[in-house]
Amino acid sequence: MVRHAFVVMGLLLASPALAQSLGERSGLNTLMGVSPSTADFVKEAVISDMFEMQSSQLAAERADAATKQFATQMLQDHGRTSSELKALVESGKVKAELPTALDSTHQSKLDKLKSLNGDDFTKQYQSDQVKAHKDAVDLFQRYAKGGDNEELKAWAGKTEPALAQHLKMAQELGK
């Protein structure tokens with residue numbers, strides 16, 4: 001197992017572009033606290049926002065009153081961050097492609113939510129929100145500390161406190 005870890009680490013250090021893409025997909029960057037590449041950051045941030053908005057739209061229709069209020073806030077806030085990030089990319093200040101659909105992991109989570117109702121839906125939505133916001137806070141913190149695009153790095157640093165607040169709100173919902 002240790003040998004395997006050294007081989008993976010060696011490969012990551014040998015090829016920075018591959019390291020960040022492979023590291024981000026595998027979770028290795030998170031474990032090591034390594035900043036994602038700009039392309040990986042944009043992809044993950046956009047997919048995260050899409051999932052937040054699509055799942056929150058469902059919650060605004062199906063959940064209890066407190067969760068509906070949270071979902072409405074998520075729709076507003078993640079709609080704004082999506083617009084800001086899209087503007088950075090479209091202006092040419094950030095060189096990256098904007099995904100247009102959820103990845104398979106997030107699509108599976110959304111499909112599961114769509115199949116649930118009542119308390120089962122609300123509990124799953126709340127759980128998904130805690131996990132999604134933990135991941136987003138980590139992603140934004142890592143990019144803000146070590147990202148390679150100064151403008152995007154500043155935006156990540158400016159946006160992260162709101163995501164941390166969303167995480168606290170999501171954690172409170174489940175209590």
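Before we talk about angles: an axis here is a line fitted to C-alpha atoms, for helices over the stretch in contact, and the angle between two of them runs from 0 to 180 degrees between N-to-C directions. Keep in mind that this is a predicted model.

Now the overall picture. The protein has eight helices and zero strands, so from the N terminus on you read α-α-α-α-α-α-α-α. Of its 175 residues, 41% count as buried. Take the contacts between residues at least 6 apart in sequence, and 70% of them join residues at least 24 apart.

How do helix 4 and helix 7 cross? Helix 4 covers residues 38-62 and helix 7 covers residues 118-146; their axes come within 10 Å and cross at roughly 155°. Angles over 145 degrees count as roughly antiparallel, which is why helix 4 is roughly antiparallel to helix 7. The crossing is left-handed.

Who does the touching? On the helix 4 side, the residues include Phe41, Ala45, Ser48, Glu52 and Ser55, while helix 7 brings Phe121, Tyr125, Ala132 and His133, among others. By class, this contact has twelve nonpolar, six polar and four charged residues.

Helix 5 is worth a stop too. Running over residues 65-90, helix 5 has 26 residues and reaches 37 Å from its first C-alpha to its last, close to the 38 Å expected. Among its buried residues are Phe70, Met74, His78, Thr81 and Leu85. An α-helix has 3.6 residues a turn, so residues three or four places apart point the same way. What covers the buried residues of helix 5 includes helix 4, helix 7 and helix 8.

Note on methods
Residues numbered from 1 in each chain as written. Predicted model: local features only at pLDDT ≥ 70, side-chain atom pairs only at ≥ 80, totals over all residues. Heavy atoms only, no water. Helix = DSSP H or I, 4+ residues; strand = E, 2+ residues; numbered from the N terminus. Parallel < 35°, antiparallel > 145°, perpendicular 65-115°, else oblique. Left-handed = near helix turned anticlockwise from the far one by under 90°. Contact = heavy atoms within 4.5 Å. Nonpolar A, V, L, I, M, F, W, Y, C, P; charged D, E, K, R; others polar. Expected span 1.5 Å × (residues − 1). Buried < 20%, exposed > 50% of the residue type's maximum accessible area, 1.4 Å probe, protein only.
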